[in-house]
Amino acid sequence: MKQRLLSILLVFLVVTAVHAQVGKYRSDLAIGFNGGMALSNVGFTPKVNQTFHSGMTGGLSLRYTCEKYFKTICSVRAEFNYAQLGWKEEILDIHDQPVINGITNEPERYARTLNYFQVPVMAHLAWGKEDKGINFFFSAGPQLGYYLSDKVDTNFDVTQRNTTDRVNNVVVQDTTSVQNKIDYGITAAFGMEYTVPRVGHFLVEARYYYGLGNIYKDTKRDYFGKSNISNIIFKVSYLFDITRSKRDQ
């Protein structure tokens with residue numbers, strides 16, 4: 001045990017020494033806003049056939065840059081967002097044709113929009129121009145969300161749906177309200193940033209989120225064993241500098 005602690009301490013001291021010799025100190029704070037589109041679905045078990053649900057997302061952005069390590073610009077990034085997530089069902093028969101409602105004679109459709117307040121906190125690593133021009137970045141970290149409300153878009157009465165022709169008869173989700181309001185998971189992003197001196201930073205990115213929690217209860221007595229949210233987000237952000245440290249290089 002003592003040898004293990006000593007080894008950890010030695011590694012820490014070596015990393016700290018290298019850090020002190022190579023890293024260039026930064027203390028840059030930038031804030032702004034972001035917006036984009038979220039393509040999402042819910043990973044149901046038992047399976048529910050789906051296509052991507054589309055919705056808007058946007059909010060406030062903060063970024064604190066603490067160091068330039070070799071050619072890597074190291075920052076911590078956080079956002080406070082409103083997001084429209086959810087799922088859109090693909091209601092087909094055994095021939096992969098839309099199921100027709102016997103009452104309205106229209107193809108049945110069902111989509112549920114789940115409105116969330118989200119807070120991602122990510123490590124942000126960038127390579128390229130720091131003060132003027134283009135850099136490319138990778139961000140990753142945890143995300144916490146809180147369910148606010150939902151809205152259903154459908155063209156049939158759930159008590160009169162056509163379940164006879166459906167290839168997938170899982171319909172419990174259509175009438176079950178969200179049971180777990182807290183959502184949590186991991187998010188990661190790739191993107192490009194363009195910096196204009198005295199104007200600000202313009203970011204374009206693609207982001208993926210995988211939920212580790214479920215929207216429905218998942219005990220042995222519950223219907224769904226899994227019901228986690230995942231999504232792909234395309235967004236743009238604008239940040240302007242609040243504080244900037246003096247550059248030595």
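Trainee: What makes a residue count as being in contact with Gln 143, and which residues does that give, leaving aside its neighbours within four places in sequence?

Mentor: Contact means heavy atoms within 4.5 Å, and leaving aside those neighbours, Gln 143 is in contact with Gln 118, Val 119, Pro 120, Asp 183, Tyr 184, Gly 185, Thr 187 and Tyr 209. This is a predicted model, in which local features need pLDDT of at least 70, side-chain atom pairs count only at pLDDT 80 or more, and totals for chains, interfaces and linings use all residues. Residues are numbered from 1 along each chain as its sequence is written, and side-chain values use heavy atoms, with hydrogens and water left out.

Trainee: Why is Gln 143 called buried?

Mentor: Its relative accessible area is 7%, and buried means under 20% (exposed is over 50%, partly exposed in between, with a 1.4 Å probe and protein chains only), so Gln 143 is buried.

Trainee: How many aromatic pairs does a search of the whole structure find, and why is the pair of Tyr 116 and Tyr 147 called edge-to-face?

Mentor: The search finds 12 aromatic pairs. For Tyr 116 and Tyr 147 the ring centres are 6.0 Å apart and the planes stand at 70°; rings of Phe, Tyr and Trp (its six-membered ring) pair if their centres lie within 6.5 Å, and planes over 60 degrees apart count as edge-to-face, under 30 as stacked and the rest as tilted, so this pair is edge-to-face.

Trainee: How do you know that Tyr 116 is buried?

Mentor: Tyr 116 has a relative accessible area of 1%, and is therefore buried; Tyr 147, at 11%, is buried as well.
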